[in-house]
Amino acid sequence: MSWESVAATKRQALKDSIPAEWVIPAAIFPPEDQLDVTTFPRESGFFTERELEITSISALTILSNLSSGAWTSEEVTKAFCKTAAVAQQLTNCLSEIFFEKAIAQAKELDAYFQETGKTKGPFHGLPISIKDNFNYVGYDTTIGFTSLVGKPATYNSTIIELLLETGAVLYCKTNVPTAMMISESVNNLFGRTVNPKNRGLTTGGSSGGEAALIAFGGSRIGVGSDIGGSLRMPAACTGIFTIRASAGRFPNTRSRACLEGQESVVGVSGPMAPTLEEIVYWSRTILDLEPWTRDPKCLPIPWRSVELKKSLKIGVLWNDGFVSPTPPVARALKETVDKLKAAGHEIVDWPCTEHMEMLIMLGRLFLADGGKSVGDLLEPTGEPFRPEMKPYEDAKEISVYDLWQIHAKRNAVCKSYLDRWNEAGLDAVLCPTTPYSSAENGKFAYAGYTCVFNLLDYTAASFPCGVTTDKDIDASYSDHKALSDMDAKIQKDYSAESVHGMPVSLQLVGLRLQEEKILAMTDVILKAVAQ
């Protein structure tokens, strides 16, 4: 079969897996020009009040209702499956659907609770969505390639094993870009995932399907991954929370990666959710399971309580020396800094000294195989490189010796950055997650604010800071001096009208393995900006 035929057949199978009773009737289907579809569940009359209640509250409250017996996992699971089905029809956010299996699993959990009076574990009965790259027995892990269709996983990723053992209900997998190496979630197999808050805008990538599902209300906690910003950029585009943990903190073994064996920059898994408390709950719960006993690359570091100083010292990266944040992000950063100062925190400017060098290194490291990893997965079906993958199509393979020289430079830069951080006595660095609040579909062009911290392997959270883009306030710069050609392009592409009303997120960065501290400091910042 041609790649086009494979893709068409797979898309049709995905469509057919939505139960007929959850197909949106034509009479109430939102028109194409309705950009914000997050209002559909509450305004359409398609959902019951009970379904809306279940999908609109924190996972912690859901778990409390499940453990008390007030709710059943079956009704909770059906509510999220239905909402996910609707999200798919409106945003194209899913890659695999297994609602029937999820409902059967929920019924088993309800029976277990009835028989024992106990929950199976800390996620008992809670539907949790998973990014496409996590292997789940019996289902494809295509990561956007037609050549991987019809080759279901024969084993579970470690994180999937842990979730199932603790009572989580898995019900869908979410869409990613080709190879998970494009900053927007678009591929030749499933097409493009769009932002439920504004379908003219991107959800980012590569965990963009996950972000769209959560932002729509079809999941409370989802699991994604991050090798260059793949958790943080989608979270920022949709106004939800996430944390990029340092390598080895959360289990990531046995998940699929396109650049298999590439360990110059290590990919990590992590949670995405509408609230910070849900991120904290997932993180603490996973670490309490001692994942290092199951994943040989996990570090034996249990969840640690932290006590923060009353006054934090935060460095502010206003720009990275290559691309300036667009007007709403620049405003959000300034307003957040002003509120942190008012709350008594010490703020200092943080120079972008090593950032350009790190960006150059990252480009060479990701393309070190000459694009063979991507090409080998495209070739079996004759699938073409997408235009966003042009650097992989044109890449030239480098020698092992050359790779080692880049590693040596990377290690020197990491040492320089750490020394500079320690000399400044910082608790964290605050900066944009991306230059954008979001961007029009096809115009998300820069991942530099996130990927440098992957190279450093620093902990980083992305969080909505309470600022909303306003077309009347956030007009394009009138006298902007571009830092680079890329900066000039991004500022030219920026449209205050297009992103009006979108939430703006910022990124809080800490040193390696400071997950608990970063989450606690994010909470401090949220309280400061709420004043």
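Helices (H or I, at least four residues) and strands (E, at least two) are DSSP runs, numbered from the N terminus. The structure described here is a predicted model, in which local features need pLDDT of at least 70, side-chain atom pairs count only at pLDDT 80 or more, and totals for chains, interfaces and linings use all residues. Residues are numbered from 1 along each chain as its sequence is written, and side-chain values use heavy atoms, with hydrogens and water left out.

**Annotated domain**

An unreviewed UniProt entry places the feature "domain: Amidase" at residues 75-519. UniProt positions are given in the numbering used here, feature names are shortened, and annotations may be inferred rather than shown by experiment. The span 75-519 is 36% helix and 16% strand, and its end C-alpha atoms lie 32 Å apart.

**The sheet**

Strands of a sheet pair through backbone hydrogen bonds, either parallel or antiparallel. In this model, 11 strands form an open sheet with mixed pairing, in the order β1-β3-β2-β8-β10-β9-β14-β15-β13-β11-β12; two strands count as paired if DSSP finds at least two bridges between them. The edge strands, β1 (94-97) and β12 (346-349), each pair on one side only. On average, neighbouring strands of this sheet are turned by 30 degrees against each other, direction ignored. Helix α6 (residues 99-116) packs on the sheet and touches β1 and β3 (169-174), its direction making about 160 degrees with that of β3. Here contact means heavy atoms within 4.5 Å, and axes are lines fitted to C-alpha atoms, for helices over the stretch in contact, with angles running from 0 to 180 degrees between N-to-C directions.

Strand β10 pairs with β8 (residues 222-226) in the antiparallel sense over five bridges, and Gly-270 in β10 is the bridge partner of Gly-224. The pairing of β9 with β10 is also antiparallel, over two bridges; there Phe-241 has Ala-273 of β10 as its bridge partner. By contrast, β2 (residues 127-131) and β8 pair in the parallel sense over two bridges, with Ser-129 bridged to Gly-222 in β8.

β10 is mostly covered, six of its six residues being buried. Buried means under 20% relative accessible area, exposed over 50%, and partly exposed in between (1.4 Å probe, protein chains only). Val-268, Gly-270 and Met-272 point one way from β10, whereas Ser-269, Pro-271 and Ala-273 point the other way.

The structure holds 15 aromatic pairs. Rings of Phe, Tyr and Trp (its six-membered ring) pair if their centres lie within 6.5 Å; planes under 30 degrees apart count as stacked, over 60 as edge-to-face and the rest as tilted. Two of the edge-to-face pairs are set out below.

| Pair | Centre to centre | Angle between planes |
|---|---|---|
| Phe-250 and Trp-282 | 5.1 Å | 85 degrees |
| Trp-421 and Tyr-458 | 5.6 Å | 85 degrees |

Phe-250 lies in the loop between β9 (241-244) and β10 (268-273) and Trp-282 in helix α10 (residues 276-288), so this pair ties together parts that are 32 residues apart in sequence. Both Phe-250 and Trp-282 are buried.

Trp-421 belongs to helix α15 (residues 400-424) and Tyr-458 to the loop between α16 (448-456) and β14 (459-468), so the pair ties together parts that are 37 residues apart in sequence. Trp-421 and Tyr-458 are both buried. Together with Trp-350 and Tyr-417, Trp-421 and Tyr-458 form one aromatic cluster.

**Loop residues**

Ala-482 is found in the loop between β14 and α17 (485-493) and, at 39% relative accessibility, counts as partly exposed. Leaving aside neighbours within four places in sequence, Ala-482 is in contact with Asp-487 and Ala-488. The C-alpha atoms of Ala-482 and Val-323 are separated by 7.7 Å, although the two residues are 159 residues apart along the chain.

Ala-179, in the loop between β3 and β4 (186-187), has a positive phi of about 65 degrees although it is not a glycine. At 2% relative accessibility, Ala-179 counts as buried. Arg-254, in the loop between β9 and β10, has a positive phi of about 70 degrees, and is likewise not a glycine; at 41% relative accessibility, Arg-254 counts as partly exposed.
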